[in-house]
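Hi everyone, thanks for coming. Let me put the model up, and then we can walk through a few of its details together.

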Amino acid sequence: MTKTLLAVRHVAFEDLGGFEAPLKDAGYAVRYADMGVDAVADFGDPDLLVVLGGPIGVYEDDLYPWLKDEIATIAARLKAQKPTLGICLGAQLMARALGARVYPGPAKEIGWKAVSVARDGVLAPLADHPVLHWHGDTFDLPDGATHLASTDICHNQAYALGRHGLAFQFHPEAQIAGFERWLIGHACEIAATPGVTVTGLRADTARLAPAAIANGRQVLRNWLAQL
């Protein structure tokens, strides 16, 4: 039986990426809701909600009023313990929906580096392998959440909510295909961040993304299997 999946997208190039194929393989029919254009509530109640990344701040709801409705939708879903996955901004929106504080971090984290994870936990396939980071904000761990990953710059890199919720501050869905769109879409941020370059990100992605997406897909499959 086909299951429904709604992917909430904030910028066109930050889509499901390398996660789309395993999600379809797991029986999910994928639809996208583009924020600022679509209303999440208009898409009904999907079997799985995936909240994707983007360059705005969760706390900028004065500039982007639709964030309030998006956060309310996520909050209602998490309260009902319905399967929800968040990536980067998505993880921050889930944290805010759970009452946690979201705020600028001590430094921007852009590029490939490993996260510290428990070797016997849901993120074990990611141990010792670099993943893509692209964020300036961070969040407090929501009440009732289980801490799953950290880096030296950002302590809260991933968390779980029972079996129904999983959130990544980093980008386990990142792959080579489509990555050039990230370099174009984030050109201004790259130029303004010391030590980060288009050529460096491109080279690191070509070298590291194949193993990273294989590991990320395994984490996703493991999580989907226990829903």
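Helices here are DSSP runs of H or I with at least four residues, strands are runs of E with at least two, and both are numbered from the N terminus. A quick word on the source: this is a predicted model, where local features need pLDDT of at least 70, side-chain atom pairs count only at pLDDT 80 or more, and totals for chains, interfaces and linings use all residues. Residues are numbered from 1 along each chain as its sequence is written, and side-chain values use heavy atoms, with hydrogens and water left out.

Back to α3, residues 89–97: eight of its nine residues are buried, so the helix is largely enclosed by the rest of the structure. Buried means under 20% relative accessible area, exposed over 50%, and partly exposed in between, with a 1.4 Å probe and protein chains only. Among the buried ones are Leu89, Leu93 and Met94.

Now, salt bridges: a side-chain nitrogen of Lys or Arg within 4 Å of a carboxyl oxygen of Asp or Glu. There are 13 in the structure. Asp45 pairs with Arg77 at 3.2 Å, N to O. Asp45 sits in the loop between β2 and β3 and Arg77 in helix α2, so this pair ties together parts 32 residues apart in sequence. Asp45 is partly exposed at 49%, whereas Arg77 is buried at 6%.

What else does Asp45 form a salt bridge with? Lys82, with the closest N and O atoms 2.6 Å apart. Lys82 is partly exposed, at 31%.
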